[in-house]
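This report goes through the sheets, the helix packing and a few side-chain contacts of one model. Please keep the sequence and the 3D view open while reading.

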Amino acid sequence: MTILVVAEHDNTDLTIATGKAVAAAQKIGGDIHVLVAGAGCAAVGEAAARLDGVAKVLVADNAVYEHQLAEPISELIVNLAGGYSHIVAAATTSGKNTLPRVAALLDVMQVSDITAVLGEKTFERPVYAGAAIQTVEASADKVVVTVRASAFDAVGMGGSASIEAVDFIASEPKVKFVSRETAASEGPELANARIVVSGGRALGSEEKFNEVIKPLAEKLGAAIGASRAAVDAGYAPNDWQVGQTGKVVAPDLYIAVGISGAIQHLAGMKNSKVIVAIDKDPEAPIFGVADYGLVGDLFEIVPELTKAL
């Protein structure tokens with residue numbers, strides 16, 4: 001049994017999500033190969049070769065793969081799929097864009113957003129915004145899986161896998177890459193940060209959000225997150241949203257400020273190792289998952305906390 005893990009990268013750096021997808025593949029068992037598809041991505045291939053547990057890295061270096069468009073990447077994966085029992089990718093924006101197309105082209109079901117591996121074809125995945133865990137078993141000979149990165153610890157970087165070039169060149173896609181815009185952030189990337197400070201609607205305005213949340217995040221070297229209510233109100237950009245319809249995070253420390261704890265938000269952060277909740281409502285659902293709770297006025301508590309730090 002051999003597993004193909006699809007690497008995620010920007011043609012320069014390998015994301016930590018790839019290391020987490022490899023960790024999930026290790027639990028499935030068998031040899032692990034990593035596919036790096038891009039343009040000018042030799043450094044990424046070398047980084048993937050250092051991932052623990054990887055036996056071989058396949059590098060497809062061509063301009064058609066430069067922007068990670070789903071059409072050429074999926075065509076490449078399907079071309080390689082014959083020798084693999086499992087195809088695995090992180091359940092990120094990129095993975096969610098590409099692997100469903102791969103599953104459709106292979107005419108198999110996809111098992112999405114797994115949080116645990118119970119066997120070669122048996123997995124756990126969250127349903128109902130994380131309120132329940134579903135156990136599923138794939139019946140196809142070839143299994144296509146996306147992995148919730150926050151549920152797995154990334155493998156180390158002590159490996160020395162062989163690197164092999166892939167000659168297959170996908171056809172030109174029917175879509176054209178125009179541009180990519182990402183939200184500017186001075187702190188760590190939200191999805192991979194060790195510490196996250198999130199603000200909710202109770203902050204009242206974009207100005208208050210920045211006045212209260214940013215100084216605390218800077219003191220802690222934390223990424224900034226936000227509830228959907230805060231994003232919808234215009235206090236924070238979409239890229240900061242944590243929750244079922246935003247980013248799913250599992251940092252070492254998650255500080256929720258003025259967030260009541262709707263089930264959709266809890267689905268995106270309840271696996272954090274330590275959760276601190278600050279809210280004036282002692283009955284807020286967020287206290288049900290918090291390790292530490294501070295009941296009071298966030299406009300007094302958070303500046304005092306920042307000052308103490």
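Strand E7 (residues 122-127) pairs with E8 in the antiparallel sense, and six bridges hold the pairing. Within the pair, Thr122 stands opposite Glu137 of E8. The model described here is predicted.

**The three-stranded sheet**

E7 and E8 belong to an open sheet of three strands, ordered E6-E7-E8 with antiparallel pairing. Strand E6 (116-117) and strand E8 (132-137) are the edge strands; each has a single partner strand, so one side of each is left without a neighbour in the sheet.

**The five-stranded sheet**

A second open sheet is built from five strands in the order E12-E11-E13-E14-E15, and its pairing is parallel. Which strands stand at the edges of this sheet? They are strand E12 (223-226) and strand E15 (292-295), each with a single partner strand, so one side of each has no neighbour in the sheet. On average, neighbouring strands of this sheet are turned by 15 degrees against each other, direction ignored.

Inside the sheet, strand E11 (residues 195-199) and strand E13 (residues 253-257) run parallel and are joined by five bridges.

Apart from its neighbours within four places in sequence, Leu253 is in contact with Arg194, Ile195, Val196, Val274 and Val276. For a distance across the model, take Leu253 and Val155: they are 98 residues apart along the chain, and their C-alpha atoms are separated by 21 Å.

Helix H5 (residues 206-220) lies across E11, E12 and E13 and runs at about 175 degrees to E11. Helix H8 (residues 298-308) lies across E13, strand E14 (274-279) and E15, at about 135 degrees to E14.

**Helix pairs**

Two packed helices are described by the angle between their axes and the distance between the axes. The table gives these values for two pairs.

| Helix pair | Angle between axes | Distance between axes |
|---|---|---|
| H5 and H8 | about 30 degrees | 9 Å |
| H3 and H4 | roughly 50 degrees | within 9 Å |

H5 and H8 pack at an angle of about 30 degrees. That angle makes H5 roughly parallel to H8, and H5 passes H8 in a left-handed crossing. From H5, the contact uses Lys208, Val212, Pro215, Leu216 and Lys219; from H8, it uses Leu298, Phe299, Val302, Leu305 and Thr306. Sorted by class, the contact of H5 with H8 has seven nonpolar, one polar and two charged residues.

The other pair consists of helix H3 (residues 70-80) and helix H4 (residues 93-106), whose axes cross at roughly 50 degrees. H3 and H4 are therefore oblique to each other, and H3 passes H4 in a right-handed crossing. On the H3 side, Ala70, Glu71, Ile73, Ser74, Ile77 and Val78 make the contact; they meet Asn97, Thr98, Leu99, Arg101, Val102, Leu105 and Leu106 in H4. By class, the contact of H3 with H4 has eight nonpolar, three polar and two charged residues.

**The aromatic pair**

How many aromatic pairs does the structure hold? There is one aromatic pair. Phe209 and Trp240 form it, and the pair is stacked, with 6.2 Å centre to centre and 25 degrees between the planes. Phe209 lies in helix H5, while Trp240 lies in the loop between helix H6 (228-232) and E13, so the pair ties together parts that are 31 residues apart in sequence.

Technical notes
Residues are numbered from 1 along each chain as its sequence is written. This is a predicted model: local features need pLDDT of at least 70, side-chain atom pairs count only at pLDDT 80 or more; totals for chains, interfaces and linings use all residues. Side-chain values use heavy atoms; hydrogens and water are left out. Two strands pair if DSSP finds at least two bridges between them. Helices (H or I, at least four residues) and strands (E, at least two) are DSSP runs, numbered from the N terminus. Axes are lines fitted to C-alpha atoms, for helices over the stretch in contact, and angles run from 0 to 180 degrees between N-to-C directions. Contact means heavy atoms within 4.5 Å. Angles under 35 degrees count as roughly parallel, over 145 as roughly antiparallel, 65 to 115 as roughly perpendicular and the rest as oblique. A crossing is left-handed if the near helix is turned anticlockwise from the far one by less than a right angle, and right-handed if clockwise. Ala, Val, Leu, Ile, Met, Phe, Trp, Tyr, Cys and Pro count as nonpolar, Asp, Glu, Lys and Arg as charged, and the others, Gly among them, as polar. Rings of Phe, Tyr and Trp (its six-membered ring) pair if their centres lie within 6.5 Å; planes under 30 degrees apart count as stacked, over 60 as edge-to-face and the rest as tilted.
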